[in-house]
Amino acid sequence: MLTKKDIRFVLDTLQDMYPDADCELNHNNELELLIAVVLSAQATDALVNKVTPDLFAKYKTPEDYVNVSLEELQHDIKRIGLYRNKAKNIRKLCADLIEKYDGEVPSDYDSLVNLAGVGRKTANVVMSVAFGQPAIAVDTHVERVSKRLGICRWKDSVLEVEKTLMRKVPEEEWSATHHRMIFFGRYHCQAKTPNCPDCPLLSVCREGQKRMKKLES
């Protein structure tokens, strides 16, 4: 596991690599962000961004999602995986927004996570990006990077990864670190082809050092 000094080195290096890392899901308001993050489950941000321009031009309020048939909404998001289940959840969460929150997206974690189709990751993304609250959302990239680097253990659950990062990363850096880890995992330390030879974190990454030994042998 990395020491405090090593973790500080990782955080500073990620900042140098991706100083402007931010949410890559296109959106103009809290509702659009919430819908986009729900759609992004087991789908790439790039694919979601191809679907949402037409979607957000058609659906501007929670009422718009509720007032169409389930079949019509399914058709509008059909290019995205799990579209049937996502359409059901979007309609239900929009109904809850209307009934419980006057059509507004709530800014607190407990309210968000109780909406249909909204798990810890989605709630944390919305809190961080839409409302500027410190949060770490653990997606596949954050989980992979934190385990490869040795910040977290390989056997840790997603919840354990989130709690460990919250404990080891200064709170004021949670949101930025979340985005930088995503960029690092998406563009450098990819699942199948991590760029270990050119990685500025190789000196503290046991996983990368193991991979390099295999390459050299």
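Reader: What is the mean pLDDT of the protein?
Author: The model is predicted, and its mean pLDDT is 96, with 100% of the residues reaching 70 or more.

Reader: Where is confidence lowest, and where is it highest?
Author: Confidence is lowest in helix α12 (residues 206-216), at a mean of 90. The highest value, 98, belongs to helix α4 (residues 62-66).

Reader: Turning to packing, at what angle do the axes of α1 and α11 cross?
Author: The axes of helix α1 (residues 4-17) and helix α11 (residues 174-187) cross at roughly 70 degrees and come within 10 Å. Angles of 65 to 115 degrees count as roughly perpendicular, and α1 and α11 are therefore roughly perpendicular to each other.

Reader: Which residues meet there?
Author: From α1, L11, L14, Q15 and M17 meet T177, R180, M181 and F184 of α11. This contact divides into 5 nonpolar, 2 polar and 1 charged residues.

Reader: Now α8. How far apart are its end C-alpha atoms?
Author: They are 16 Å apart. Helix α8 (residues 120-131) has 12 residues, which at 1.5 Å a residue should span 16 Å, so the two values agree.

Reader: Which residues in α8 are buried?
Author: The buried residues in α8 are T122, A123, N124, V125, V126, M127 and S128.

Reader: And what do the buried residues of α8 pack against?
Author: Their partners are α2 (30-39), α7 (109-113), α10 (158-168) and α11. Helix α11 is also the helix that α1 meets, through residues including T177 and F184 of α11.

Note on methods. Residues numbered from 1 in each chain as written. Predicted model: local features only at pLDDT ≥ 70, side-chain atom pairs only at ≥ 80, totals over all residues. Heavy atoms only, no water. Axes fitted to C-alpha atoms, helices over the stretch in contact; angles between N-to-C directions. Helix = DSSP H or I, 4+ residues; strand = E, 2+ residues; numbered from the N terminus. Parallel < 35°, antiparallel > 145°, perpendicular 65-115°, else oblique. Contact = heavy atoms within 4.5 Å. Nonpolar A, V, L, I, M, F, W, Y, C, P; charged D, E, K, R; others polar. Expected span 1.5 Å × (residues − 1). Buried < 20%, exposed > 50% of the residue type's maximum accessible area, 1.4 Å probe, protein only. pLDDT = per-residue confidence, 0-100.
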